[in-house]
Amino acid sequence: MTVRIGLIGAGRIGAMHAAHLAALRDPGGEPAVRLSIVDAVPEQAAAVAGRTGAVPLPTVESLLEDGVDGLVVATGTATHPGLIRTGLAAGLPVFCEKPVALSVAEALPLLDEIERVQGVVQIGHQRRFDPGYVRARELYAAGELGWLHTVRAMTGDMTPPPVEFLATSGGLFRDCSVHDVDVLRWITGREVVEVYARGSNRGDPRIGEVGDVDTALAVLTLDDGTVATVAATRYNGAGHDVRLELQGSKGSVAVGMDEHMAMRSAEPGVGFPAGPPHTTFHERFAEAYRREMTAFVRVVRGEIASPCTARDAVAASRVADAAQHSLETGAPVRVEPLGASDGSAPPVRRPARA
């Protein structure tokens with residue numbers, strides 16, 4: 001069955017999603033997706049359409065009139081609530097890049113609307129589809145790690161984004177570490193109840209001038225007492241480095257420890273890793289992004305529930321907000337719970353203490 005997908009936004013992320021959607025095939029080898037594209041810059045939509053075989057359209061209204069089964073939203077954050085509501089009003093499943101809205105306060109009414117109309121929304125936290133993170137979750141759920149005593153997550157960009165972006169991003173925790181928070185909640189099945197954060201600026205002074213830091217560390221306390229750390233930097237010169245360590249009473253596992261890890265050993269005779277490091281998040285998560293779009297097509301077909309709901313994303317954003325507030329005040333911040341999970345994600349069995 002061919003699925004008709006409307007893509008709104010043909011920038012860097014939108015173009016990547018378009019390529020992945022266009023590459024999907026049904027069991028008979030035929031295209032699985034009929035793709036339509038809209039962008040505020042028509043030439044941009046036409047260019048991406050030309051590369052993917054999609055149909056460029058002038059407006060969101062014309063895209064809906066053309067007849068689509070689902071929407072992919074890859075536009076600026078300020079437009080997310082309105083476009084999600086457009087999809088809900090049309091009765092369509094919606095995929096939207098994170099975050100749900102510019103702030104948690106703005107996202108909460110939308111979350112209520114989504115749940116009231118039983119809308120289907122998938123938010124773009126692509127790490128949930130990365131093979132390493134998926135395997136780590138499986139190992140923990142199977143009890144092979146025992147109970148966790150320490151969790152370490154980190155994201156290191158090789159170079160910082162433009163200062164103009166950082167001036168409106170909401171801060172390092174909100175635009176970067178929120179991915180670590182989301183996957184930490186997803187893997188452990190626990191909620192964060194307290195955050196304490198510190199940060200520094202050792203690079204471009206303009207980052208500090210716009211109210212951000214280039215490096216930060218947050219200590220997270222989970223609701224079962226487990227301690228986790230989330231670290232991030234804009235200046236990891238060795239390459240794009242994204243890792244997660246889960247250390248438990250029975251075993252430990254690391255995500256991101258492969259031939260492309262942007263870290264080398266100082267021990268004599270150790271040659272690992274032998275491959276070149278990743279330089280961008282697009283490289284690091286290429287397979288995850290492909291799987292993410294595959295999952296959304298399955299959501300549109302009604303084969304699976306949303307693998308990352310708006311509630312999931314808002315819960316992660318609330319923790320990121322708390323980290324940013326702690327960074328600004330220098331004090332620990334309690335995290336208020338959003339409430340019970342909406343049940344869209346498969347439950348994680350939590351190993352009992354041995």
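This is a predicted model: local features need pLDDT of at least 70, side-chain atom pairs count only at pLDDT 80 or more; totals for chains, interfaces and linings use all residues.

Residues are numbered from 1 along each chain as its sequence is written, and side-chain values use heavy atoms, with hydrogens and water left out.

Colour the chain by pLDDT (the predictor's confidence in each residue, from 0 to 100): the mean is 93, and 95% of the residues reach 70 or more. Then select residues 340–354, where the pLDDT is below 50, although this stretch has 32 contacts (heavy atoms within 4.5 Å) in the model beyond near neighbours in sequence.

Next, select Ser-36 in strand β2, residues 33–38 (strands are DSSP runs of E, at least two residues; helices are H or I, at least four; both are numbered from the N terminus). Ser-36 is buried, with a relative accessible area of 0% (buried means under 20%, with a 1.4 Å probe and protein chains only). Leaving aside neighbours within four places in sequence, the residues in contact with Ser-36 include Ile-5, Val-55 and Asp-66.

Move on to helix α12, residues 310–329, which has 20 residues and reaches 28 Å from its first C-alpha to its last. Because 16 of these 20 residues are buried, α12 is largely enclosed by the rest of the structure. Just after α12, select Gly-330, which takes a positive phi of about 80°.

Definitions and conventions. Buried means under 20% relative accessible area, exposed over 50%, partly exposed in between (1.4 Å probe, protein chains only). The expected span of a helix is 1.5 Å times one less than its number of residues.
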